[in-house]
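Me: Could you walk me through this protein and tell me what stands behind each term you use?

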Amino acid sequence: MTHAMLKGSNVPLDATTVRAVLRWAPGQGVPPVDASALLLGPDGRVRSDEDFVFYNQPRHPSGKVWLLGKKRVAEGPTDTIQTDLTGVEPGVSQILLVASAEGATFDRVQGLRILLYDATVADSEPLAYFDIKPETGEETALICGELYRRGEGWKFRALGEGYVNGLQGLATDFGITVDESEPAAQPLPPEQPAQSATSVPTQPAYGYPQPSTPATAPVASGYGYPPPVSPVPAAAGEFRMPPQGPQFIGR
C-alpha cells in the first residue's frame with residue numbers, strides 16, 4: 001500500500017534499504033533539481049562535514065548513504081538517494097532528504113514530489129510519496145522529509161521546510177563548514193561532453209561511485225553526473241558553494 005502523505009505526517013518503514021526519488025515536471029525554463037542528504041546526530045547537527053552527501057561528495061564514508069544520480073523517466077526528470085537503514089551508524093539519529101535548485105527559485109519547479117521505495121524489491125510500488133509545495137516560491141532549497149529512528153526501527157516524516165539561500169544556507173544551519181572561495185575548474189573524463197553539476201543528461205553517462213550493496217538490493221542505472229576528480233573536497237572540511245547569508249523559512 002502506498003501512503004499519500006501530508007506535511008508533518010509520518011509513516012513507519014519496514015524496508016531495510018530505501019530509495020528516495022525526487023521527481024519534478026519537465027518544461028521550458030525549469031531548473032534541474034539536486035538531491036542531497038545530511039546525516040544528523042542526537043543534537044540535530046552533523047558530526048563532521050563528511051555527513052553531507054551531495055553532488056560534490058556523492059557517497060558517505062560509511063557507504064550506507066549515496067546518490068544514484070539523475071535520470072529521465074516518463075513522468076519527468078529525477079534525482080535519487082539510497083540508504084541502507086540497517087547499516088547506518090548508531091550515532092546518526094536522522095537523515096534529512098533535501099532538494100535544491102542552484103541559482104533558481106522553486107516557484108519555477110512544478111510537480112515536485114518525493115517518493116520512497118523499498119530498494120530490495122525490483123519494480124515495486126512506492127511505500128509513500130509527498131507532494132512538496134513551497135510556502136513562498138522564493139526558496140532555493142527545501143528539506144523534503146526526514147528518515148529518523150524510532151525505537152529499533154525507522155520512520156519517514158514529510159516536511160517541506162524551505163531556505164531562500166540555497167544548499168549553502170541549509171548546510172551551514174546544520175553545522176557544515178562552507179568554503180566561500182571560488183571553486184577550481186575540474187577536468188572532465190576523456191571524450192565526455194561538458195555539463196554542469198546540475199545538468200540532467202538525456203543519455204547514459206558516468207554515474208556516482210557505488211558502494212557494495214546486498215545482492216538483493218538492485219541499483220539504479222548510472223544516469224548521473226561525471227564523477228568529481230576526488231570524492232572529497234580539495235581541503236578537508238571545505239565545501240565550495242556560492243557565498244550567501246543564511247535566511248530560513250517555515251521551520
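Reply: Gladly! The protein exposes about 11,600 Å², and carbon and sulfur atoms supply 51% of that area; accessible areas come from the Shrake-Rupley method with a 1.4 Å probe, and for residues only the protein chains shown count as cover. This is a predicted model, where local features need pLDDT of at least 70 and side-chain atom pairs count only at pLDDT 80 or more, while totals for chains, interfaces and linings use all residues. Residues are numbered from 1 along each chain as its sequence is written, and side-chain values use heavy atoms, leaving out hydrogens and water.

Me: Why is Asp-123 called exposed?

Reply: Its relative accessible area is 82%, and exposed means over 50% (buried is under 20%, partly exposed in between; 1.4 Å probe, protein chains only). Asp-123 is therefore exposed.

Me: Where does Asp-123 lie?

Reply: Asp-123 sits in the loop between strand 9 (113-118) and strand 10 (128-131). Strands are DSSP runs of E, at least two residues, numbered from the N terminus. Its phi is near 55 degrees, a positive value in a residue other than glycine.

Me: What makes a set of residues a nonpolar core?

Reply: The members are buried Ala, Val, Leu, Ile, Met, Phe, Trp, Tyr and Cys residues joined through side-chain atoms within 4.5 Å. The largest such core has 38 residues, and Phe-156 is one of those with the most contacts inside it. A second, separate core of 18 residues includes Phe-54 and Leu-159.

Me: Which residues does Phe-156 touch?

Reply: Contact means heavy atoms within 4.5 Å. Not counting residues up to four places away in sequence, Phe-156 touches residues including Met-5, Leu-97, Ile-114 and Leu-147.

Conventions: Helix = DSSP H or I, 4+ residues; strand = E, 2+ residues; numbered from the N terminus.
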